[in-house]
Structure formats: C-alpha cells, structure tokens
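Take a look at the structure below. The paragraphs after it walk through the model step by step.

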Amino acid sequence: MLLDTVIPPANICPLLKATDKAGVLEELVDILMASGSITDRDAVLEAVWKREKLMSTGLHDGIATPHAKTDLVPSIIMAVGLTPAGIEFEALDGNPSRIFILLLSPSSASGSHVECLAEIA
C-alpha cells in the first residue's frame, strides 16, 4: 500500500498547535473532520483514545502512530501532523515525538491496517 493514496494534502498539518498528547489527538481528528474524511468527531476521538490507553503509540525517533479500527470510516484514512519542538507521547525511546501519523481503518481491514503500520515503521 502506498501511503500517499490514503493521505490527501488536506489531511496534513505542517505545524500542529497542540502542546500535549490530548491536544495532538484532538487536532489530528479535527483535521479529518475539516477535510470531510470523518463525520463523527467525538466517536472517532473516543476510538483513538481507547486504543491509546491500551499502550502508547509513541515509537522511536520522534514518530507516533495513534491508530484505531472503527466502523466509523468506510476505508483506511490518515492524518499527519508535525511539531518541531516535540511533544511527550510516552514513546518507547523516552524522547518527545515530532511526527504524528493518525491511522483509522474499518474493523474489517485488519490486514491493511497492519500493513499501513508496518509501512510507517
């Protein structure tokens, strides 16, 4: 899967305003709302938080991949946000995250969901 097929330019924010984890998640979901990629902001945010509470999605080298499987989306969609200063995201390496890639997939797309996460990693 090519990531550029699921990340339209409208779903990219080169400079997030958020200063904490909650703000990042809200801002990424708001990007999807503004682009028309989702229609139920609160339910999507709840699904993302539910997954995030299982284990942080902060990876290594400043990258975080918050994600969720939900039937609130008809196909895989993504949003990307950047912050040069970095934000504490409970990353595996203990460093702040600067690149945030939100991935939402329908519940039936488990294989594609994992494929996207692998491509990001």
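**A walk through the model**

Ile 7 is buried, because its relative accessible area is 15% and the cut-off for buried is under 20%. Ile 7 belongs to the segment before β1, a strand that covers residues 12-13. Beyond its neighbours up to four places away in sequence, Ile 7 touches Ile 12, Met 78 and Val 80. Ala 109 is another matter: Ile 7 and Ala 109 are 102 residues apart in sequence and 17 Å apart in space, C-alpha to C-alpha.

Now step back to the whole chain. The model is a predicted one. The protein chain has 3 helices and 5 strands. Along the sequence they follow the pattern β-α-α-β-β-β-β-α. The radius of gyration is 13 Å, close to the 14 Å that the globule rule gives for 121 residues, so the chain is as compact as a globular protein of that length. The C-alpha trace spans about 35 × 25 × 25 Å along its principal axes. Of the 121 residues, 45% count as buried. Take the contacts with a separation of 6 or more: residues 24 or more positions apart account for 66% of them.

What lies inside? The largest nonpolar core has 24 residues. Within this core, Val 24, Ile 38, Phe 100, Leu 102 and Leu 104 touch the most other members. The elements that give two or more residues to the core are α1, α2, β4 (77-87) and β5. Helix α1 gives the most, with 6 residues.

Phe 100 shows how this works. Leaving aside neighbours within four places in sequence, Phe 100 is in contact with Leu 16, Val 24, Leu 28, Ala 64, Ala 79, Val 80, Gly 81, Thr 83, Ile 87 and Phe 89. There is also a second, separate core of 8 residues. Its members include Ile 76, Val 80, Leu 103 and Cys 116.

Stay with strand β5, which covers residues 97-105. Ser 97 is found in this strand. Is Ser 97 buried or exposed? Ser 97 is buried, with a relative accessible area of 0%. Its contacts, not counting residues up to four places away in sequence, are Gly 58, Gly 62, Ile 63, Ala 64, Thr 83, Gly 86, Ile 87, Phe 89 and Ala 91.

One of those partners is Gly 58. Gly 58 sits in the loop between α2 and β2, the latter being residues 63-64. At 1% relative accessibility, Gly 58 counts as buried. Gly 58 touches Ile 63, Ala 64, Phe 89, Glu 90, Ala 91, Leu 92 and Ser 97, again leaving out residues up to four places away in sequence. Gly 58 and Asn 95 are 37 residues apart in sequence, yet 9.0 Å apart in space, C-alpha to C-alpha.

Next come the charges. The count comes to 5 salt bridges. Which residue forms a salt bridge with Glu 52? The partner is Lys 21, and the closest N and O atoms are 2.9 Å apart. Glu 52 lies in helix α2 (residues 41-54) and Lys 21 in helix α1 (residues 21-34), so the pair ties together parts that are 31 residues apart in sequence. Glu 52 is buried, with a relative accessible area of 4%. Lys 21 is buried too, at 11%.

A second salt bridge joins Arg 41 and Asp 30, with the closest N and O atoms 2.5 Å apart. This pair links distant parts of the chain, with Arg 41 in helix α2 and Asp 30 in helix α1, 11 residues apart. Arg 41 is partly exposed, with a relative accessible area of 25%. Asp 30 is partly exposed as well, at 32%.

Arg 41 also meets Asp 42 in a salt bridge, at 3.2 Å from N to O. Asp 42 counts as exposed, with 54% relative accessibility. Salt bridges with shared partners join Glu 26, Asp 30, Arg 41 and Asp 42 into one network.

One last item concerns the rings. The structure holds 1 aromatic pair.

Conventions. Residues numbered from 1 in each chain as written. Predicted model: local features only at pLDDT ≥ 70, side-chain atom pairs only at ≥ 80, totals over all residues. Heavy atoms only, no water. Salt bridge = Lys/Arg side-chain N within 4 Å of Asp/Glu carboxyl O. Helix = DSSP H or I, 4+ residues; strand = E, 2+ residues; numbered from the N terminus. Buried < 20%, exposed > 50% of the residue type's maximum accessible area, 1.4 Å probe, protein only. Contact = heavy atoms within 4.5 Å. Core = buried A, V, L, I, M, F, W, Y, C linked by side-chain atoms within 4.5 Å. Phe/Tyr/Trp six-rings, centres within 6.5 Å; stacked < 30°, edge-to-face > 60°. Rg over C-alpha atoms; globule rule 2.2 N^0.38 Å.
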